[in-house]
Amino acid sequence: MPITKSSLSLKKLSSIRNSCKFPYFCWFFSFRSKTTLSPYESDAPIPDQIFKSASQMGSYKSGDSTFYSLIENYANSGDFGTLFQVFDRMKRERRVFIEKNFILVFRAYGKAHLPEKAIELFGRMVDEFQCRRTVRSFNSVLNVIIQEGLFHRALEFYECGVGGKTNISPNVLSFNLVIKAMCKLGLVDRAIEVFREMPIQKCEPDVFTYCTLMDGLCKEDRIDEAVLLLDEMQIEGCFPSSVTFNVLINGLCKKGDMARVTKLVDNMFLKGCVPNEVTYNTIINGLCLKGKLDKAVSLLDRMVASKCVPNDVTYGTLINGLVKQGRSVDGVRLLSSLEERGHHVNEYAYSTLISGLFKEEKSEEAMGLWKKMVEKGCQPNIVVYSALIDGLCREGKLDEAKEILCEMVNKGCTPNAFTYSSLIKGFFKTGNSQKAIHVWKEMAKNNCVPNEICYSVLIHGLCEDGKLREAMMVWTHMLGRGLRPDVVAYSSMIHGLCNAGSVEVGLKLFNEMLCQESDSQPDVVTYNILLRALCKQNNISHAIDLLNSMLDRGCDPDLITCNIFLNALREKLNPPQDGREFLDELVVRLHKRQRIVGAAKIIEVMLQKFLPPNASTWERVIPELCKPKKVQAIIDKCWSSLFF
């Protein structure tokens with residue numbers, strides 16, 4: 001819903017209960033019998049002279065201030081047992097409880113990750129301790145709940161406190177907290193309703209209110225509304241901070257809209273807000289995501305000139321960007337340049353570079369970087385060791401990988417699930433399934449709990465090795481542990497079933513995939529497995545139906561898809577067809593769906609196979625491919641490949 005100035009009643013918050021997973025509860029605020037806070041019934045081991053020596057504090061009884069000091073000390077140390085003994089003694093001696101005592105305990109509960117205890121104690125403040133509750137203690141408990149990520153519970157607590165018999169009058173902090181909870185739950189429209197109601201409740205939104213709401217809008221990809229809020233807050237007399245601009249810059253960078261980022265930075269300077277380290281890191285990351293690495297590196301110099309100190313995030317972002325672009329060697333050069341200037345990067349930068357070099361099949365450079373890292377006294381951590389082991393496994397150097405694993409363990413670094421999965425994958429890749437299974441057993445022996453990736457690697461290896469029965473046992477074990485298979489696990493099982501001739505069972509598993517989360521949805525590999533199996537059974541009509549479904553679900557065919565159908569049309573039909581019309585129609589259908597990149601890939605395949613598209617198809621697709629921006633992008637890519 002768009003942001004409007006319409007005023008909405010606070011009673012609309014009652015609708016939030018319908019979307020909450022937890023039961024509505026106001027019993028925390030109901031009458032509780034006067035029971036003690038703990039099972040401790042005996043007198044606390046507190047010397048009487050401590051209280052006798054306490055100073056007089058206004059209308060309080062002599063010794064109250066000492067109790068308050070003890071509460072603060074025990075709360076800060078998290079010693080709830082002794083703290084409750086102090087509470088018990090205060091009750092017996094009819095001491096006066098003040099709200100600050102409870103706020104200290106609420107904060108201690110937050111540090112101890114005990115939000116339920118905080119809610120319960122808040123509900124007993126009036127009836128059991130005769131202590132009046134205000135918005136201060138209410139906000140303290142609300143913050144504890146939100147810090148634990150219990151956002152539904154936070155909304156229930158808020159509604160109970162503001163709309164229930166407790167009748168708390170919310171202040172700006174209360175609104176900020178509940179808006180934060182709503183945004184975290186994706187209830188941005190409801191957050192806007194509460195935001196619009198703030199002036200009615202005589203609470204003017206502050207810079208934190210606007211920042212929270214902007215962040216929620218950006219995460220929902222509603223950047224334009226977030227930018228409008230920037231203008232609105234200035235009209236309302238609330239001046240933006242660097243944090244405000246950083247929220248919007250981050251949202252625009254993730255969207256890839258670097259042109260608007262530039263304008264926003266200019267606006268930032270005009271408003272007297274100086275870009276900080278977060279601003280520069282965010283823009284550098286945005287430039288890396290867009291592939292504009294040279295500009296990202298030049299921005300680093302500007303960052304230093306602006307007296308902003310680059311940190312590990314800055315260097316890590318640049319190095320990661322270079323690696324993603326297949327420029328790991330340039331990343332190593334950047335690393336050397338940074339170290340010459342006295343900047344020291346952390347282990348994660350080394351692990352990124354080592355992993356990137358191995359993926360680019362530059363194992364010698366990767367090992368050289370490893371040795372350089374050790375010589376400089378930089379202690380490898382689990383991430384670096386795992387990256388090195390994974391790289392060696394990719395190269396088929398399993399013996400060296402095992403040696404690194406032993407060195408890793410001897411130095412007190414415990415292998416994790418990723419480390420073991422790399423070894424399992426490596427052994428399967430070299431055709432040594434027995435050693436792969438041995439590593440799996442060794443993993444269990446060392447109390448390393450396998451995750452979804454480990455199961456996927458094992459299932460894939462077993463299916464590739466023709467051990468479908470064992471793969472199905474692992475699959476069952478995985479589901480029994482409550483783990484959700486990813487697309488690799490599903491595709492591997494479908495591949496194993498199709499190879500065993502159980503195509504119908506594979507199709508049932510495929511239909512199950514369609515009902516799963518996004519990371520378990522079928523990809524082009526999954527479709528190709530089933531398309532090949534159906535064509536092999538001469539069931540071309542079913543294969544075409546599956547191809548149509550593939551296109552409808554937004555998955556573009558690739559070279560393998562084309563080859564599957566070309567072979568089927570030539571070998572399975574009588575008379576055989578060359579597939580030219582089939583591929584031409586596929587291009588047209590992709591073009592109608594505005595999937596120009598997919599259409600271009602099919603045309604590329606057609607040209608490689610000497611199957612020229614129809615003239616009408618050329619007329620449709622070529623204008624889209626030859627738009628000035630796209631042509632310039634291809635030219636830039638060509639120049640880049642020449643120099644790098």
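Among contacts in the protein between residues at least 6 apart in sequence, what percentage join residues at least 24 apart? In the predicted model examined here, the share of such contacts that join residues at least 24 apart is 62%. The protein contains 34 helices and zero strands, and of its 644 residues 48% are buried. Its accessible surface comes to about 32800 Å², and carbon and sulfur atoms account for 54% of that surface.

The packing of two helices can be described by the angle between their axes together with the distance between those axes. For helix α2 (residues 64-77) and helix α4 (residues 99-111), the axes come within 9 Å and cross at roughly 10 degrees. Because angles under 35 degrees count as roughly parallel, α2 and α4 are roughly parallel to each other. The contact between them is made on the α2 side by Tyr68, Ile71, Glu72 and Ala75, and on the α4 side by Asn101, Leu104, Val105 and Ala108.

Helix α10 (residues 207-219) comprises 13 residues, which at 1.5 Å a residue should span 18 Å, and this agrees with the 18 Å that separates its end C-alpha atoms. The buried residues of α10 are Val207, Thr209, Tyr210, Cys211, Leu213, Met214, Gly216, Leu217 and Cys218, and they pack against α8 (172-184), α9 (188-197), α11 (223-235) and α12 (242-255). At the start of α10, a side-chain oxygen of aspartate 206 reaches to within 3.1 Å of the backbone nitrogen of phenylalanine 208, while after the helix comes aspartate 221, whose phi is positive, near 60 degrees.

The loops flanking this region were also examined. Lysine 202, in the loop between α9 and α10, has a positive phi near 60 degrees although it is a residue other than glycine, and with a relative accessible area of 78% lysine 202 is exposed. Glycine 237 is found in the loop between α11 and α12 and counts as partly exposed, its relative accessibility being 47%. Although glycine 237 and aspartate 206 are 31 residues apart along the chain, their C-alpha atoms are separated by 9.6 Å.

At the start of α26, a side-chain oxygen of aspartate 486 lies within 3.2 Å of the backbone nitrogen of valine 488, and just after the helix, glycine 501 takes a positive phi of about 90 degrees.

Most residues other than glycine have a negative phi, and most peptide bonds are trans. Against this background, asparagine 538, which lies in the loop between α28 (524-536) and α29 (540-552), has a positive phi of about 65 degrees although it is not a glycine. A cis peptide bond, with omega about 0 degrees, joins asparagine 574 and proline 575. Proline 575 itself is situated in the loop between α30 (559-571) and α31 (580-592).

Threonine 617 belongs to helix α33 (residues 615-625). Its relative accessible area is 2%, and since buried means under 20% relative accessible area, threonine 617 is buried. The side chain of threonine 617 is joined to that of aspartate 584 by a polar contact of 2.8 Å. When residues up to four places away in sequence are not counted, the residues that threonine 617 touches are Asp584, Val587 and Val588.

Technical notes
Residues numbered from 1 in each chain as written. Predicted model: local features only at pLDDT ≥ 70, side-chain atom pairs only at ≥ 80, totals over all residues. Heavy atoms only, no water. Helix = DSSP H or I, 4+ residues; strand = E, 2+ residues; numbered from the N terminus. Buried < 20%, exposed > 50% of the residue type's maximum accessible area, 1.4 Å probe, protein only. Polar contact = N/O pair within 3.5 Å; in protein donor to acceptor, adjacent residues only side chain to side chain. Contact = heavy atoms within 4.5 Å. Expected span 1.5 Å × (residues − 1). Areas by Shrake-Rupley, 256 points an atom, 1.4 Å probe, with all protein chains shown as cover. Axes fitted to C-alpha atoms, helices over the stretch in contact; angles between N-to-C directions. Parallel < 35°, antiparallel > 145°, perpendicular 65-115°, else oblique.
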